[in-house]
Amino acid sequence: MRRRLAGLAVLLAPLPAGAHGFGRLYNLPVPFWLYAWAASAALLLSFLLAAYFASAPAAVREGGSRDLGRQAFGRWLRRARPALAALSLGLLLLCIASGLFGNRDPYRNFSMTFFWVVFVLAITYLTALLGDFYAALNPWRVLTGLLARVWRGYARGRLRYREAWGDWPALALYLGFIAYELFGHSKPPSLALALLAYSALNLFGVWLVGAGAWFRHCELFSVFLRLVALMAPLDYQPAEQTGGRGRLRLRWPFSGLLHERPQNLGTVCFALAMLSTTAFDGLRATQWWVWLFWRDTSGWITALAGSPPISAIALLRPWYIRWELFWLLVSPFLYLAAYLACLWLAKRLTRSTRPLRALALDFGYSLLPIALVYHATHYSTLLLTQGLKIVSLFSDPFGWGWNLFGSAQWLRAPILPAMGTVWHTQVGLILLGHVLSVAVAHRIALRLWPDRRQAMLSQLPMLLLMVAFTVAGLWILAQPLTNERML
């Protein structure tokens with residue numbers, strides 16, 4: 001019995017909740033409800049300002065973009081692309097090799113820091129600034145391209161990719177990837193094996209449906225970073241045919257959200273999954289979430305089993321993981337249901353004859369700024385606590401005591417910002433993301449409903465949805481965390 005209670009104590013013990021898991025406990029300078037009301041009021045003000053000042057034309061236009069492909073910068077990038085592509089593939093191979101043969105300590109092995117912090121996090125934020133450079137440097141695209149040179153017809157595909165399939169395959173892989181991240185207890189060897197399996201999947205996918213369809217609709221990082229790149233001031237479009245030239249343009253930040261439109265609901269659901277999975281990752285670390293299962297506040301489990309769940313923690317632990325996995329997998333569809341409900345209400349308020357599916361596609365990218373800032377507020381501090389160590393790990397990628405470039409002792413200490421700085425930065429980012437989403441959604445509405453009153457009326461349900469997202473995001477950040485992730 002003591003062992004069970006000790007396990008429960010570890011499970012429910014609060015971790016330091018410094019702006020959601022950073023350092024020590026941070027007490028908010030004012031009550032949480034005041035932050036929530038202030039953020040909601042700021043969203044309402046931004047909505048009114050957008051309704052009054054926004055005057056986007058009904059037609060999409062490319063005004064303001066500047067072609068960089070024929071300038072010196074674009075020519076330099078074309079010359080450097082082969083070397084950068086080779087470096088990208090080399091880093092993938094180094095990740096796999098160091099994971100298989102290097103030190104088993106995750107903090108001393110190159111693969112863990114490079115993949116989880118540099119690739120998954122830093123590349124995401126660089127993409128939001130520099131555009132979809134991953135489309136040109138994708139290591140799996142480089143690998144399949146090399147195979148296509150020696151195997152004639154390999155990348156043409158054997159199966160015609162149907163339009164109805166859309167980005168659903170990428171969504172399935174993305175949810176699988178997040179499940180592995182949250183529940184896989186990744187270590188260097190298992191990460192290396194996962195990368196080998198994913199590489200094999202890419203090789204098979206290109207053989208099956210062709211390189212164009214696979215990397216457009218199926219490869220999860222290609223779809224994820226393509227959506228992030230819609231917010232970047234640089235717009236890179238890869239060549240449609242092998243050997244062709246891509247397009248590089250300078251544009252207004254976030255204008256890609258207005259000039260592009262999802263082609264199917266799979267893309268919309270993928271964008272919502274970017275938001276829902278990040279929110280779930282934050283939620284599952286809170287005491288409230290852990291207590292929801294183990295305290296059995298409803299009493300149903302206790303009535304059925306004859307004892308509280310906490311008395312059988314070892315037995316119920318696998319069921320708790322399955323319970324969490326279930327909510328992770330359904331979270332995008334719960335968000336989709338709320339999103340469609342708001343659009344249905346907007347359709348009724350404006351008496352629009354436009355189909356609900358068309359409206360869902362029209363506004364599909366308007367929530368991407370929220371997804372990006374959620375990602376940044378939950379994970380960006382890892383760049384300071386662990387990401388800087390990549391400088392020393394480059395000199396000793398296998399953790400064998402090497403010092404190849406003389407940097408093995410550089411930047412090994414984490415940077416820990418003040419708690420107040422972290423919290424208020426996160427609050428500001430969440431608010432900024434929601435304000436941008438409100439502005440983008442309103443400009444799209446003006447395209448669909450040229451009448452200002454109708455456009456404003458159509459956005460009232462979306463405003464309520466974004467206020468709900470704002471308050472929920474701030475609430476998650478303000479919660480004390482548990483040791484659950486470490487079990």
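D362 and R354 form a salt bridge, with the closest N and O atoms 2.6 Å apart. The model described here is predicted. D362 has a relative accessibility of 10% and counts as buried. R354 has a relative accessibility of 31% and counts as partly exposed. The cut-offs explain these labels: D362 is buried because its 10% falls under 20%, whereas R354 at 31% falls between the limits of 20% and 50%. The pair also belongs to a network. Salt bridges with shared partners join R261, R354 and D362.

A search of the whole structure finds 5 salt bridges. Such contacts have a simple basis. Side chains of opposite charge can pair when their charged atoms come close. One of the salt bridges is formed by D167 and R226, at 3.2 Å from N to O. This pair links distant parts of the chain. D167 lies in the loop between helix 6 (139–150) and helix 7, and R226 lies in helix 10 (residues 220–229). The two residues are 59 residues apart. D167 is buried, with a relative accessibility of 1%. R226 is also counted as buried, at 14% relative accessibility.

Another salt bridge joins the side chains of D235 and R251, at 3.6 Å from N to O. D235 lies in strand 3, and R251 lies in the loop between strand 4 and helix 11 (256–259), so the pair ties together parts that are 16 residues apart in sequence. Both residues are buried.

Strands of a sheet pair through backbone hydrogen bonds, either parallel or antiparallel. Here, strand 3 is joined to strand 4 (residues 247–250) by 4 bridges, and the two strands run antiparallel. Q237 has R247 in strand 4 as its bridge partner. Y236 stands opposite L248, also a residue of strand 4. On the other pairing, strand 2 and strand 4 are antiparallel over 2 bridges. There, R66 has L250 in strand 4 as its bridge partner.

The structure holds 33 aromatic pairs. Y161 and W165 form an edge-to-face pair, 5.1 Å centre to centre, with 90° between the planes. Y161 is buried, with a relative accessible area of 15%. W165 is partly exposed, with a relative accessible area of 31%. A tilted pair is formed by Y174 and F270, 5.0 Å centre to centre, with 40° between the planes. Y174 lies in helix 7 (residues 168–183) and F270 in helix 12 (residues 265–283), so this pair ties together parts that are 96 residues apart in sequence. Y174 and F270 are both buried.

Aromatic residues also gather in a group. One aromatic cluster is formed by F115, W116, F119, Y134, W140, F177, Y180, Y198 and F221. A charged side chain meets a ring elsewhere. R322 lies over the face of W319, at 4.7 Å from the ring centre.

The surface carries a nonpolar patch. F101, F394, W400, W402, L404 and F405 form this patch, with about 690 Å² of accessible area together. One of its members, F405, is placed in the loop between helix 19 (390–395) and helix 20 (419–448). F405 has a relative accessible area of 60% and is exposed. The label applies because 60% is over the limit of 50%.

Notes
Residues numbered from 1 in each chain as written. Predicted model: local features only at pLDDT ≥ 70, side-chain atom pairs only at ≥ 80, totals over all residues. Heavy atoms only, no water. Patch = residues over 30% accessible without salt bridge, like charges linked within 9 Å, V, L, I, M, F, W, Y side chains within 5 Å. Areas by Shrake-Rupley, 256 points an atom, 1.4 Å probe, with all protein chains shown as cover. Salt bridge = Lys/Arg side-chain N within 4 Å of Asp/Glu carboxyl O. Buried < 20%, exposed > 50% of the residue type's maximum accessible area, 1.4 Å probe, protein only. Pairing = 2+ DSSP bridges. Phe/Tyr/Trp six-rings, centres within 6.5 Å; stacked < 30°, edge-to-face > 60°. Lys NZ or Arg CZ within 6 Å of the ring centre and 35° of its normal.
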